[in-house]
Amino acid sequence: MRSLIDILDFTVEEVNELIATANDIIDNPDKYCERCKRKKLATLFFEPSTRTRLSFEAAMIELGGSVIGFSAANNSSAAKGESVADTAKTISCYADIIAMRHPKEGAPLVAAQNATIPVINAGDGGHNHPTQTLTDLLTINREKGGFENLTVGFCGDLKFGRTVHSLITALSRYSGINVVLISPDELKLPSYIKKDVLKKNGIPYKQTTDLESVMPELDILYMTRVQRERFFNEEDYLRLKDSYILEPKKLVNAKKDLCIMHPLPRVNEISVAVDDDPRACYFKQVLYGKYIRMALILKLLEEAEK
Ligand code: CP
């Protein structure tokens with residue numbers, strides 16, 4: 001049974017096919033409005049979410065299907081001690097496809113190993129968030145026309161930000177990518193990603209603490225929130241949380257066609273004054289998330305029926 005746990009579960013060709021389908025859905029929504037008739041998506045969210053859960057639900061509804069699920073662990077039998085494996089076996093009796101978010105890294109993989117229906121990882125701890133990555137790739141594709149020869153700056157919490165880990169991994173498969181890592185020393189990208197992804201694939205990268213010094217180089221600026229829920233110590237969070245606040249004056253030397261992205265939610269990292277800048281793409285990114293998830297649901301259900 002085909003699932004999506006890690007962005008590398010799909011080849012570059014498959015990612016490109018998903019992007020093509022999402023673009024076709026954007027252009028021809030009526031063509032898709034009954035494609036999932038009588039199919040059910042189960043959204044199993046053991047951790048809070050606004051965009052991922054509701055975009056999955058909107059995606060399934062716009063495909064003509066329906067949705068069941070829960071939005072917090074304490075609304076499910078996990079609160080009574082039920083395992084992820086048993087939850088996955090149970091939901092396989094009710095639904096056709098699962099989208100799961102869980103605070104424990106690897107939980108969606110365990111679900112996929114025990115379910116008899118496709119499982120989509122909707123975020124597991126500080127590990128992976130492949131459907132955010134597909135969203136980000138669709139956004140980059142639509143805003144930049146492709147993935148080659150881009151300088152991409154990642155700014156903020158690069159240690160715990162799972163969306164950063166997944167997107168760097170995905171972009172490492174394209175040519176001409178340059179990566180600029182902008183973070184406080186304590187929130188640097190984990191060494192294993194530098195070694196296993198950037199160095200292994202020959203992706204040039206540099207690290208800095210100074211956003212403004214690298215701003216003129218960037219084609220894409222990917223801002224991230226400092227991930228409070230992953231800190232062991234509240235004092236450290238409070239000290240680091242406002243390390244970077246993007247304000248209009250910091251964009252003075254940025255490229256005219258810079259694409260500013262953020263997986264959201266934002267806390268304080270991008271001033272609302274930036275929202276009116278034509279380079280601000282983060283709410284378009286939210287919308288693209290629904291379309292790429294429609295394409296993903298279609299692909300996994302079609303493969304499950306083969
Ligand atoms: N980007 C993202 O994962 O947002 P939510 O936590 O609201 O789902």
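Helix α7 (191–199) is the biggest contributor to the lining of the second largest pocket, giving four residues. Helices here are DSSP runs of H or I with at least four residues, numbered from the N terminus. Both α6 and α7 supply at least two residues of this lining. A pocket, on a 1 Å grid over the protein atoms alone, is an open set of points with protein on both sides within 12 Å along at least five of seven lines, and lining residues have an atom within 4 Å of a point; a cavity, by contrast, is a set of points where a 1.4 Å probe fits but cannot get out.

Before we go further, keep in mind that this is a predicted model, in which local features need pLDDT of at least 70 and side-chain atom pairs count only at pLDDT 80 or more, while totals for chains, interfaces and linings use all residues. Residues are numbered from 1 along each chain as its sequence is written, and side-chain values use heavy atoms, with hydrogens and water left out.

Back to our pocket. The second largest pocket has a volume of about 250 Å³, where volume means the space filled by probe spheres set on grid points that are joined across faces, edges and corners. Its lining has 14 residues, with Asp6, Leu8, His165, Thr169 and Val197 closest to the centre. Sorted by class, the lining holds four nonpolar, seven polar and three charged residues; Ala, Val, Leu, Ile, Met, Phe, Trp, Tyr, Cys and Pro count as nonpolar, Asp, Glu, Lys and Arg as charged, and the others, Gly among them, as polar.

Where does this pocket sit? Domain 1 (7–128 + 288–304) and domain 2 (130–285) both give residues to the lining of the second largest pocket, so it lies between them. These bounds come from an automatic or database domain assignment.

The largest pocket holds about 380 Å³ of space. Among the 21 residues that line it, Arg101, Arg162, Arg225, Leu264 and Pro265 lie nearest its centre. The elements giving two or more residues to this lining are α2 (51–62) and α6 (162–171). The largest pocket also lies between domain 1 and domain 2, because both give residues to its lining.

Now look at how the two domains meet. Their centres, taken over C-alpha atoms, are 25 Å apart. In all, 31 residues of domain 1 are in contact (heavy atoms within 4.5 Å) with 27 residues of domain 2. The area buried between them is about 2,500 Å², and carbon and sulfur atoms give 59% of it. Buried area is the accessible area (1.4 Å probe) that two parts lose on being put together, summed over both.

Between domain 1 and domain 2 the count is one salt bridge, meaning a side-chain nitrogen of Lys or Arg within 4 Å of a carboxyl oxygen of Asp or Glu. The whole structure has 22 salt bridges. In one of them, glutamate 14 pairs with lysine 299, with the closest N and O atoms 3.2 Å apart. Glutamate 14 lies in helix α1 (residues 12–27) and lysine 299 in helix α10 (residues 282–305), so the pair ties together parts that are 285 residues apart in sequence.

Helix α10 gives the largest share of its lining, five residues. Domain 1 and domain 2 each provide at least three residues of that lining.
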